[in-house]
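Here are some friendly notes to read alongside the model. Please keep the sequence and the 3D view open as you go.

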Amino acid sequence: MKNFIRKHQSFVSYTFFGTLASGVNLIVFHILYQNIGINYVVANVISYICGMLVTFFTNKRLVFHSEYDSVRKLIREFLSFCNVRLFSFFLDNFIMVVGIGIFPINADLLKIIDQCIVGILNYFFSKWFIFNTTNRFQVNVLSRRQHDKTREEPNPDRDKWIDVSKNDQ
């Protein structure tokens, strides 16, 4: 079990913190829609934003180990995060509108299903496009292997991500 957790640490961490963020999303949605009576689309938008903020900060630091090097990097990652999550936002709202507006599905059950679908997609979007850990790791590993085999001098253009690879450890 320890080997599995070490091997898939980012996925296990993402799942744990993603569940936390989904919980925030579900609770906020339930309170706004079921208890206060706000329109389900408005409640969904507000709950999505709350969950998204929890997700960004936990993913950045605790899942993908992306450091707070500068305000500029933080803003760039947050904007990238928001751009990628825009697709998820529309998918989330589409599922809720179809499930509640067209079919008479229980809102809380639908929100749980919605969070599972969107959560899985968001893991891959975060890993590939936002925190870029997969590409940096692959470039780094391939560059080192090639360098070791050919014993060439280091190439700064080819090896530019070597210092960033610590994000995947």
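Is Cys50 buried, partly exposed or exposed? Cys50 counts as partly exposed, because its relative accessibility is 29%; buried means under 20% relative accessible area, exposed over 50%, and partly exposed in between, with a 1.4 Å probe and protein chains only.

1. A word on the basis. This is a predicted model, in which local features need pLDDT of at least 70 and side-chain atom pairs count only at pLDDT 80 or more, while totals for chains, interfaces and linings use all residues. Residues are numbered from 1 along each chain as its sequence is written, and side-chain values use heavy atoms, leaving out hydrogens and water.

2. The overall fold. The protein has 6 helices and 0 strands; helices (H or I, at least four residues) and strands (E, at least two) are DSSP runs numbered from the N terminus. Of its 169 residues, 36% count as buried. Among contacts (heavy atoms within 4.5 Å) with a separation of 6 or more, 62% are between residues 24 or more positions apart.

3. A search of the whole structure finds 0 disulfides, a disulfide being a pair of cysteine sulfur atoms within 2.5 Å.

4. A buried asparagine. Asn25 sits in helix H2 (residues 9–36) and counts as buried because its relative accessibility is 3%. Leaving aside neighbours within four places in sequence, Asn25 is in contact with Ser47, Tyr48, Lys111 and Gln115.

5. Aromatic pairs. The structure holds 8 of them: rings of Phe, Tyr and Trp (its six-membered ring) pair if their centres lie within 6.5 Å, and planes under 30 degrees apart count as stacked, over 60 as edge-to-face and the rest as tilted. Phe16 and Phe17 are edge-to-face because their planes stand at 80 degrees, with ring centres 4.9 Å apart. Phe16 is exposed at 56% relative accessibility, whereas Phe17 is buried at 17%. Tyr48 and Phe89 form another edge-to-face pair, 5.3 Å centre to centre with 65 degrees between the planes. This pair links distant parts of the chain, 41 residues apart: Tyr48 lies in helix H3 (residues 40–63) and Phe89 in helix H4 (residues 71–102). Tyr48 is buried, with a relative accessible area of 6%.

6. An aromatic cluster. Phe56, Phe57, Phe78 and Phe81 form one aromatic cluster.
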